[in-house]
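Colleague: Could you walk me through this model slowly?
Modeller: Gladly, let us look at the structure together.
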Amino acid sequence: KLLAQGHPHPYRLMHIVKHEIDRYFEITGRGSNFESEIRGGFVTFLTMSYVLLVFPQILGAWTKGMPQDVRHEHLSDSAVATSLSCGISCILAGTLSRMPFAIGPGMGPSTIMAAMFVASCPKGECDFDRAMHYFSLVTTTTFLLGALILLLSLVNATRFILLMLPKSLESAIGVGIGAYQAFIGFQVMQVIRQSDTELLELETFGKGGLDFSIAARREPASGWSQLLFAFCILFMGVLFHRKVKGSVLIAIVLTTALSWMFEIGGGDAVVPFRLPSLEMIFNQLRFDEWISEGAFKYGCDLASMLLVIVFDTGGVQLGIARSLNLPLAKREAREISTESTGDSERDLLLAPLTDADDEVLPGRTEQIMYACIGLSTMLSAVLGVSPSIVFLECTAGVQEGARTGLASVVTGILFLLACFFVPLFQHVPLCATAAPLVFVGCLMMGPVQEIEWDDFSQALPAFLCILMMPYTCNVTWGIFFGLVAHAVLALASPRKKEKDTPLRPPEEQYQGPLRHAATKLKGATSEDYGSC
């Protein structure tokens, strides 16, 4: 309208656009700002950038027996497809859900998808044409999986996954995810490893242990790399303890610079540019062949991936939302706003507060996220990569101040730009991307204090949920063990008789957000609570 009335000054137009973005994503209402959202999105991108290196290696397992040029082309195309899928999916999820959830091809589904490839076409037993035939069947299975998830989300059937979680498991899921995330960080850096006598042991000095030779400094998990990994974690901790904004990002950038400077951990200071290509794997869907051959062969795999994605999405987004703590962020933002305004404006600021502000996942967020996962999985199938999930690495951006979907949009834009610089992000050292997993895992331990450890019916399910996630390397199994233990103990527990509770004064009866806001007004009385 303002443009039609007289073409406002560019700075005025920029202010209008910024205001509309703020209003849509509720940036100010959640106690955030544009700088924090951009920084959080950038940190999430850096923490997720390992997928550009790891996932092509997983999905390219079936190409190990192929000629070198075929393998190289598939790895390059898979990296570009992964970047495109993450970019478009993050923008979609951030815009629709308005939450800092980043989605893209997941580790668990990628492993299942690679197993489907290898089982169908063992190494050395398939020529290229036969291998591409099975590749088409697997990607078609992925597309149908996405369509099924989208259908379940539209009828809101996926909501039952979250409704079946008891209170103790809601807190335990975030803690278990943090422990699992830290375990992955230590494992990929080979700080802990399997030995001949022990299931897990600490990497030590000596024969077969840490190697500090000059020749081994470029190895991703050498002794030098592990020292840089430890430095990155401790440096993050020092900056975070000193309340330095961007602590995770600063530590990642400095660690990468040191790796490139001293040639430690496989990092190389290169800036390659290449136009993206998807010639080998793009749009290999074959529905007619899948109906005649793949329906029976891949039906069980489809069901397995469905359970993994549904449970992972429900558990991970709930765990991230609890670490985000939107109700507290909204209240703190309202308190700051009311303190800086006059009495005449306080009623307007207090009016929007409703019981919905107490929701960890506001509105239809979980339903929207399942729909985004379904659409993203269908897109991944067209691009030739694995099904999508909500990434645990979102928590790194949340700890950097991300509170809204704008951070996910920023992450998505960076992934789209990364399509042209895929080799560059493949040279970011592993020690710089693994350290945030451990650091953020520590920050996710907070909800453990909310578990009622004195109540064994709550303590055992929570304990098993937390413990089995890192032990099984799977979020789904952790939730499963917790649910089974909760169901058994609930059936075995005697029913408690309900006792009549005496009536309380109005100010004690109502515990909602309006009463919380009303207590901030000087001279508030019981009548004020009643009017609220």
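**Helix packing and cores**

Modeller: In this predicted model, the axes of helix α9 (residues 167-188) and helix α20 (residues 456-472) come within 7 Å and cross at roughly 25°.

Colleague: Are α9 and α20 roughly parallel or roughly antiparallel to each other, then?

Modeller: Angles under 35 degrees count as roughly parallel, and α9 and α20 are therefore roughly parallel to each other; their crossing is right-handed.

Colleague: Which residues in α9 meet α20?

Modeller: Among them are Leu169, Ala172, Ile173, Ile177, Tyr180 and Phe183 in α9, which meet a set in α20 that includes Pro461, Ala462, Ile466 and Met469. By class, the contact of α9 with α20 has 14 nonpolar, three polar and no charged residues.

Colleague: Which residues touch the most other members in the largest nonpolar core?

Modeller: That core has 97 residues, and those touching the most other members are Val51, Ile177, Phe229, Met236, Val390 and Met469. Its largest share, eleven residues, comes from helix α12 (residues 287-324), while a second, separate core of six residues includes Phe143, Leu150, Ala371 and Ala381.

Colleague: What is valine 390 in contact with?

Modeller: Leaving aside neighbours within four places in sequence, valine 390 is in contact with Phe101, Ala102, Ile103, Thr313, Val316, Ile320, Met369 and Ile373.

Colleague: Changing topic, is threonine 395 buried or exposed?

Modeller: Threonine 395, which lies in helix α16 (residues 394-399), is buried, because its relative accessible area is 1%. Not counting residues up to four places away in sequence, threonine 395 touches Gln181, Ile320, Ser323, Val440 and Met444.

Definitions and conventions: Residues are numbered from 1 along each chain as its sequence is written. This is a predicted model: local features need pLDDT of at least 70, side-chain atom pairs count only at pLDDT 80 or more; totals for chains, interfaces and linings use all residues. Side-chain values use heavy atoms; hydrogens and water are left out. Axes are lines fitted to C-alpha atoms, for helices over the stretch in contact, and angles run from 0 to 180 degrees between N-to-C directions. Helices (H or I, at least four residues) and strands (E, at least two) are DSSP runs, numbered from the N terminus. Angles under 35 degrees count as roughly parallel, over 145 as roughly antiparallel, 65 to 115 as roughly perpendicular and the rest as oblique. A crossing is left-handed if the near helix is turned anticlockwise from the far one by less than a right angle, and right-handed if clockwise. Contact means heavy atoms within 4.5 Å. Ala, Val, Leu, Ile, Met, Phe, Trp, Tyr, Cys and Pro count as nonpolar, Asp, Glu, Lys and Arg as charged, and the others, Gly among them, as polar. Buried means under 20% relative accessible area, exposed over 50%, partly exposed in between (1.4 Å probe, protein chains only). A nonpolar core is a set of buried Ala, Val, Leu, Ile, Met, Phe, Trp, Tyr and Cys residues joined through side-chain atoms within 4.5 Å.
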